[in-house]
Amino acid sequence: MIVTRKALPRRTLLRGMGATVALPLLDAMVPAMTPTAATPASPVRRLGFIFIPMGSDINRWTPPGDHSLTELSPILRPLERHKDYVTVVTNMELKNAYPGTHATSNSSYLSCAKAKFTESSDYYLGTTVDQIAAREIGQDTRLPSLELGIELLDIVGQCDDGYACVYQNNLSWSSPTTPLPYEANPQKVFGRLFGEGSPEEQSRTLKKKASMLDRVKSDIARLRTELGSGDRVKVDHYLDSVREVERRIQIAEAGVNENPAPDAERPVGVPAAYADHVRLMFDLQVLALQADLTRVISFQIAREGSTRSYHEIGVSEPHHPLTHHGNDQEKIAKMAKINEYHVSLFGYLLEKLKTTPDGDGSLLDHSIYMYGSGMGDPNLHDHINLPILVTGGAAGKMKGGRHISYEDRTPLANLHLTLLEKAGVRMDSFADSKGKVEELLSI
C-alpha cells in the first residue's frame, strides 16, 4: 500500500491581523510512514516550578508514613484526586539561603545559590534551574521560558535586612547578574502567546470587543478541511479554551473601567478575586504548554513577604504577620488554612493538565511541576525541612503516589538536578548538590 498523506507541520500557525495562534498536537502532525503513524508523535517533556511564600505549617503539611503516599496530610488533602501523580519530598534544605530572610528564600528556591549581600545594583546570584532547562528544551519553542507571578513588582531598593529587592522580586535568573521579571497581567501574557507586534499593539488588539480568534477565521476554516474528525474536535476544544480565557480577561478589563479605584495588591486589568487571577494564570500556562509555545514555566503564586488577606476562606489577618506566630496555635491554624488554600489552587492546575489530551496521554502525563517554598518554618525564618512536592508523569519517566522522607537534611539542589535529568537535561551537578534523588530516578 502506498501512503501519500503529508503530515501537518508541528509548528503550524493560524495567522491574521494582529494574531498568531499555535495549535495543539494533532494526529495529522504525525508523518504517515513513521513507526508512530498509528499513534500521536512522541511527547515533549515540560518542566514547571510553583513558588509559595513563607513556608508552611510543616506538621499539617507532612504526610504520615514513608515510601507510599497512602494518606495525605490536611494541607495536601485537596490533591487527593491526583495522589498517584504526587511525590512529597521531606527534609530538603537550602543552606545557601541563610542568614535566613524573605529575599533569600525567594532567590534561592530555583538557584540554590547564595545571594550577594547588597542593597545596590551590584547584585549577584546564580543561574536558576528553569533557565538551565530553557537553554536545552526551550530553544525550539516561541518562548524558551515563561515567568509568571501574581502581585505587583513596583518595590525597589532594599527590601529585607539589607538585601536588594531584586532578590525578592524575581524567581528566575538567566545568569548570576540577569534577573527575569515575571508578568502578573493575564492580558499581557495572552498577548505574548497569541498576539503579534509590540506589547502595546497586543494590548490594543485584546481590548477590542471582538475575539482575537476572529482575526484567523479564514485560516481556521481552511485548516478544518485538511483534518480528520478527531483532529477537528481537538482543534475546536482548544480554540474554545482560548476564547474562554480571552473572554475572562476582557471581563476583568471591563471591571477596571467600571471601577477604576486602584488596588495595591494586583495589577490593573486583572480579576478582582485572587483565586480567579491564579486560575486564569494557570489556564494560560495550560494553553502555552498545549500548543508547545513554551516548555518551561515558573510561577510565583504569591509574593514572599506578602501581606495579602484571604477573606474568602475566613482569614482576615495578613499572611506575613500570621507566619510570625510565636507558636500561637490559633495563628498557626490560620496560616495552615492559607497553605491548604494555595494547594487547592494548585489542584486546579493539575486537573486542567490531567484533562488536556497530549499525544497518547495528557499534559499531566508529559509534564513535571515542582511546588514548594524556599522557607521551612516562617516563624524562625529557617530553610530546612522545606515543604516540597513534585507532580506529573514526565512522559513516562516518573511515577507518583510516594513520600520520600530523608533521615538527614538533603540539598534541594539534588532535586533540581534530578528534575533536569527527568526533563532530558543531563548535568553532573547543580549549585550545592551532592547527588540525585535516586527514588525518583527509579520508575
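In what sense do strand S1 (residues 13-16) and S2 pair, and over how many bridges? In this predicted model, the pairing of S1 with S2 is antiparallel and runs over four bridges. Leu 14 has Val 21 in S2 as its bridge partner. Two residues lie between the strands of this hairpin. Gly 18 takes a positive phi there, near 80 degrees. Strand S2 spans residues 19-22. Ala 19 and Val 21 point one way from S2, and Thr 20 and Ala 22 point the other way. All four of these residues are buried.

The chain as a whole comes to 13 helices and 16 strands. It has 443 residues, of which 57% count as buried. Among contacts with a separation of 6 or more, 72% join residues 24 or more positions apart.

Two packed helices are described by the angle between their axes and the distance between the axes. For helix H9 (residues 274-290) and helix H11 (residues 329-354), the axes come within 10 Å and cross at roughly 30 degrees. H9 is therefore roughly parallel to H11, as angles under 35 degrees count as such. The crossing of the two helices is right-handed.

Residues of H9 in this contact include Tyr 274, Val 278, Arg 279, Phe 282, Asp 283, Val 286 and Leu 289. By class, the contact of H9 with H11 has 12 nonpolar, two polar and three charged residues.

Conventions. Residues numbered from 1 in each chain as written. Predicted model: local features only at pLDDT ≥ 70, side-chain atom pairs only at ≥ 80, totals over all residues. Heavy atoms only, no water. Axes fitted to C-alpha atoms, helices over the stretch in contact; angles between N-to-C directions. Parallel < 35°, antiparallel > 145°, perpendicular 65-115°, else oblique. Left-handed = near helix turned anticlockwise from the far one by under 90°. Contact = heavy atoms within 4.5 Å. Nonpolar A, V, L, I, M, F, W, Y, C, P; charged D, E, K, R; others polar. Buried < 20%, exposed > 50% of the residue type's maximum accessible area, 1.4 Å probe, protein only. Pairing = 2+ DSSP bridges.
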